[in-house]
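Hi,

Here is the structure I promised to pass on. Please open it first, then read my notes below.

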Amino acid sequence: MQKNGGTGMTDRTTLVYDANEVVVGPGDGSPLTIHEDAAIAIVGGDVVAIGPSDEITREYPPENATTAIDATGRAILPGFVDPHTHAVFAGDRSDEFAAKLRGKTYQEIHEEGGGILRTVRAVREASDERLVEILTEHLDTMLAHGTTTAEVKSGYGLDTDTELRLLAAIDRAAADHPIDIHPTFMGAHAVPEGHDADEYVDEVIDEQLPAVAEQGIAAFCDVFCEEGVFDVEQSRRVLEAGREQGLTPKVHAEEFTRLGGTQLAAEVEAASADHLLHATREDADALAETGVVPTFLPGTAFALGEEYADPEPFRAAGTPIALATDFNPNCHSRSVPFAVALGCVGMGLTPAEAIRAATADAAQALDRRDDSGQADPSSDGAGTLQEGRPGDLVVIDAPSHVHVPYRFGENPVRTVCKEGEIVHER
Ligand code: NIG
Ligand code: FE
């Protein structure tokens, strides 16, 4: 699989026609705008027309297209955006999953040197090639589930050399993969063995961040702001230092306790505040005022047997609502459709809200903003289907977007196009 690029493909035409519905993005006063009995034409990678199938096929006859996909009885959606993953790691923690089912908590496992610290040991032992190979396998599975844009965090190195190796692995895997990857530096993911938190925060700021900035791969800087990990002041120091190095903040906030990570995300104008299981209406208002995108990770609640986050305060505050997989060794799901199903069944999102959360709103969590600083999903089109924007789409083996959560536990994705080119087909 190669990225699109080079010359000679400007006339390449992809036509997906006779679809039962085409979901194009957020609607005016409704979560989604949907065209029925519709088609989409993509020329040279960008969408050129979306509309009634008979009209579109008159202008772009299937027999003249480079690629023509008959979508009879099926739905077309924007490619999914997964704005929170820890997809580059090594080792196996399936035994911890089993231990948690017998009653062990995530924090107990962490205190015994398991959890993140165990993955760190496995990553430090893995070669660069192995890390790229593992990540590529994960990206292939994500793509097969419809993800065309994703964020990937470092954070299993916890020393300068290994954090740089993880970011380099992300960069190498991304170069040969159809998924658009947004790399995040997360040196402040845990306090490594033998360090105290303040001393480690100094290392992240004085050694890791300058090296990460010089390497020039990471776009975001994330921190695990949590009781027993990094407190609000330590998190603020990391995020401000990251900002000085040109990295946009993101925060793991209120996952196990309400520590104040959401207010911090608002204060530093982070791209997103993520998890939010214990966030309040006050927190939602702070995000609404500052344009920080709340990002929900219902797979984590599912894996830990926790209560799901409540989207109601965020609806009331009028924020976007983004969904992500949080794919990591503690939450081993690479499937956005599964996150969508949990968003509906666990959090009470409507199917349309959940699809919007996994597409246009998820793109906002990756800071796809316009020059005025306003979050604007139309600025580059990720997570939407619009004329003049990239033709990143999925065709599902079902008649409507509602079937994505309705058919929970199976993969509804049949065909994935990146800039109009078929990059996955079942
Ligand atoms: O977002 N909460 C912190 N980080 C990850 C879990 C990482 C791990 O357990 O390996 C998360 O859930
Ligand atoms: Fe996470």
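Glu-255 puts a polar side-chain atom 2.8 Å from a nitrogen atom of ligand 1. Bear in mind that this is a predicted model. Tyr-156 also makes a polar contact: one of its polar side-chain atoms lies 2.6 Å from an oxygen atom of ligand 1. For Asn-328, the distance from a polar side-chain atom to an oxygen atom of the ligand is 3.5 Å. The protein covers 100% of the 330 Å² of accessible area that ligand 1 has on its own.

Where does ligand 1 sit? Ligand 1 is in the largest cavity.

Next, the residues around the ligand. There are 15 of them, and those that come nearest are Arg-93, Tyr-106, Tyr-156, Glu-255 and Asp-326. Sorted by class, the shell has 7 polar, 5 nonpolar and 3 charged residues.

Now the aromatic rings. The count comes to 6 aromatic pairs. One of them is Phe-296 with Phe-314. Their ring centres are 5.1 Å apart and their planes stand at 80°; over 60 counts as edge-to-face, so this pair is edge-to-face. Phe-296 belongs to strand β12 (residues 293-296), while Phe-314 belongs to helix α12 (residues 312-317). The pair therefore ties together parts that are 18 residues apart in sequence.

Best wishes

Notes
Residues numbered from 1 in each chain as written. Chains lettered and ligands numbered in written order. Predicted model: local features only at pLDDT ≥ 70, side-chain atom pairs only at ≥ 80, totals over all residues. Heavy atoms only, no water. Near = heavy atom within 4 Å. Polar contact = N/O pair within 3.5 Å; in protein donor to acceptor, adjacent residues only side chain to side chain. Areas by Shrake-Rupley, 256 points an atom, 1.4 Å probe, with all protein chains shown as cover. 1 Å grid on protein atoms, 1.4 Å probe; cavity = no way out; pocket = protein on both sides within 12 Å on 5 of 7 lines; lining within 4 Å. Sits in = over half its atoms within 2 Å of the grid points. Nonpolar A, V, L, I, M, F, W, Y, C, P; charged D, E, K, R; others polar. Phe/Tyr/Trp six-rings, centres within 6.5 Å; stacked < 30°, edge-to-face > 60°. Helix = DSSP H or I, 4+ residues; strand = E, 2+ residues; numbered from the N terminus.
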